[in-house]
Amino acid sequence: MNQGTGPVRVLVVEDSEEDRERLARLLAAAHGGRYVLTFATDHVQAEREMSRAAHDICLLDYQLGPRTGLEVLHSAAARRFDGPIVVLTGNDNYEIDLAVMKAGAVDFLSKDALTAVLLERVIRYAVQQYANQQQFTYLAEHDQITGLFNRRVVQERIARKLAEPCERPDPFVVIYFDLDGFKSINDSLGHNVGDQALAVAAERLQSCCGAQVLLGRMGGDEFVAVADTGDTAEIETMLREVLGRFRQPVVVREHRLRVTISIGAARYPEDGGDGMALLAHADAAMYAAKRAGRDRFGWFADVDEAIKAEPVELGNELRQALEREELYLVYQPQFELETGRIVALEALSRWHHSRLGPISPSRFVALAEARGFINQLSDWVLSTACRQYLAWRDYGLIDADVVLAVNVSAELVSSAGLLASLRQLIDERGMPPTSLALEFSETALILDNRLFDDLLAALKNLGVRVVIDDVGQGRSTLQSLTRRPVDVLKIDLNCLRGVVDNPSDQAMARAIIALGASLGMRVVAEGVENDGQRRFLVDNHCGFAQGFYYAPGLTTPDVTELLAGSTTPMP
């Protein structure tokens, strides 16, 4: 699509010569030679022109002889058309309006009402809005540091492949990559050098994997590839090339960094029949490669049975730790940027394993989901956090408008137990519902899920606040936000990494701030790590923030001390 300063290329689909001439006159009167027009007189010509990458916008007549513009909108050519489609009609009918908008048109105009000024304004607005949406979609589907696809796109690709109807499933391979010793680069040289090293790593992976392999960054120094082949020899040749490339130093500025890579692979259908299993098994194979000395790859089928059994054992230990109350909570404060006042506390669960040390929350939450006791974990977090919140309130340490935020697993969307637990906390424990916020991942927004909508309606009736977390990581849209009762948007921490000097990160963060403001929602930036990020947020009118720059997750005694005013983490 042309997004430059040149003429706007307009495809006009109109079977009436008189109306074609009128549209040409109106556009000529609007801005002289600013528009380049191409005409199609029937649905066949329309679909042929739409298939060419030669137009910025389409003006589509609703009535094309015996056919309608609605049929064109439903065509494969219209779905591929790289631009907005505006429907024009001589019959201003509300039902037609709804039908064409539902089919993908961005506007529906009566020919009788057209003027040069109105037509020019509609075209300019439609083209600009389409360009903005395309940019937002790109940013929301791609990792902002490496330019690779993000976690959600990888997961969706696997899900689509598994959903393909066929008697004999086509084999494919899921490959997990992890950089060896990468944490030391961030710790010793800082995140800027680390981010540049990640970008170099992504380029090396892309050059080795090729265009036929979907490659994405899962987060941190982990990458995943989905290869559309079951040919073991072909995959092993590719992975040997990857290992060879990563044995060469990564040069970032004056630094020559040694960054090798460990790789694990799982085959479908042999190593798993669903996306979660394939990713987990590729991950297990990768960790087996690390244990074997790093800088190597392995197949899940070759992994030692004891290592394969680790998730089961760890799940049992997690259940026991929960029953013995060996987990604990930390609370990360959220601040109003203008005043430095604490406005919320986010409760975060932690598990320090007696043998393995700290276990990542993402790992043990996934274990609880997979083993079927996420309800029990959620109940413990909610009840423990609310009990502590009420204690702070009773001691006079918390203002009435300070909110307690708790993350909610997507697995609980359809659980009646969640609402029952909330009602008990509100009715029996005296937790003020307006002081409680439940945080859902952004990916929940793109689910066409009646149960999710019903849950949000129930939360709104209770008075509990709804927060959408990780905005910018998935693919939420304006439409999905406007039709749901959301109170707060949280900017994903990965969007903040480069807001000081990365135009893509800046664009994404500004878009989320503007989106929240336009919908009357509070916008919170999470993962703030430095003063440059803070200044960007202030300059762009983001009202609230949390992150290590202000305070990490604090234990209960530390939060108590902070609330009492004896210490302050605000810079």
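**Close-up views of a predicted model**

**View 1. Arginine 522 puts its charged end over the ring of phenylalanine 544.** The distance from that charged end to the ring centre is 4.0 Å. A charge counts as sitting over a ring if NZ of Lys or CZ of Arg is within 6 Å of the ring centre and within 35 degrees of the ring normal. Arginine 204 does something of this kind too: it lies over the face of phenylalanine 246, at 5.9 Å from the ring centre. A word on the source: this is a predicted model, where local features need pLDDT of at least 70 and side-chain atom pairs count only at pLDDT 80 or more, while totals for chains, interfaces and linings use all residues. Residues are numbered from 1 along each chain as its sequence is written, and side-chain values use heavy atoms, with hydrogens and water left out.

**View 2. Tyrosine 331 and tryptophan 392 form one of the five aromatic pairs found in the whole structure.** Rings of Phe, Tyr and Trp (its six-membered ring) pair if their centres lie within 6.5 Å; planes under 30 degrees apart count as stacked, over 60 as edge-to-face and the rest as tilted. Here the centres are 5.1 Å apart and the planes stand at 75°, so the pair is edge-to-face. Tyrosine 331 belongs to strand 15 (residues 328-336) and tryptophan 392 to helix 15 (residues 374-394), so the pair ties together parts that are 61 residues apart in sequence. Helices (H or I, at least four residues) and strands (E, at least two) are DSSP runs, numbered from the N terminus. Tyrosine 331 is buried, at 1% relative accessibility, and tryptophan 392 is buried as well, at 2%. Buried means under 20% relative accessible area, exposed over 50%, and partly exposed in between (1.4 Å probe, protein chains only). Elsewhere, ring pairs link Phe335, Tyr549 and Tyr550 into a cluster.

**View 3. Five strands make an open sheet in the order 9-10-8-13-14.** The pairing is mixed, and two strands pair if DSSP finds at least two bridges between them. At the edges sit strand 9 (213-219) and strand 14 (297-299), each pairing on one side only. From one strand to the next, the twist averages 20°. Strand 8 (residues 172-179) and strand 13 (residues 261-268) run antiparallel, joined by eight bridges, and isoleucine 175 stands opposite alanine 265 of strand 13.

View 4. Axes are lines fitted to C-alpha atoms, for helices over the stretch in contact, and angles run from 0 to 180 degrees between N-to-C directions.

**View 5. Strand 19 (residues 436-441) is largely enclosed by the rest of the structure, because five of its six residues are buried.** Strand 18 (residues 403-407) runs parallel to strand 19, with four bridges between them. Strand 20 (residues 465-471) also pairs with strand 19 in the parallel sense, over five bridges. Alanine 437 stands opposite alanine 405, and its bridge partner in strand 20 is arginine 465.
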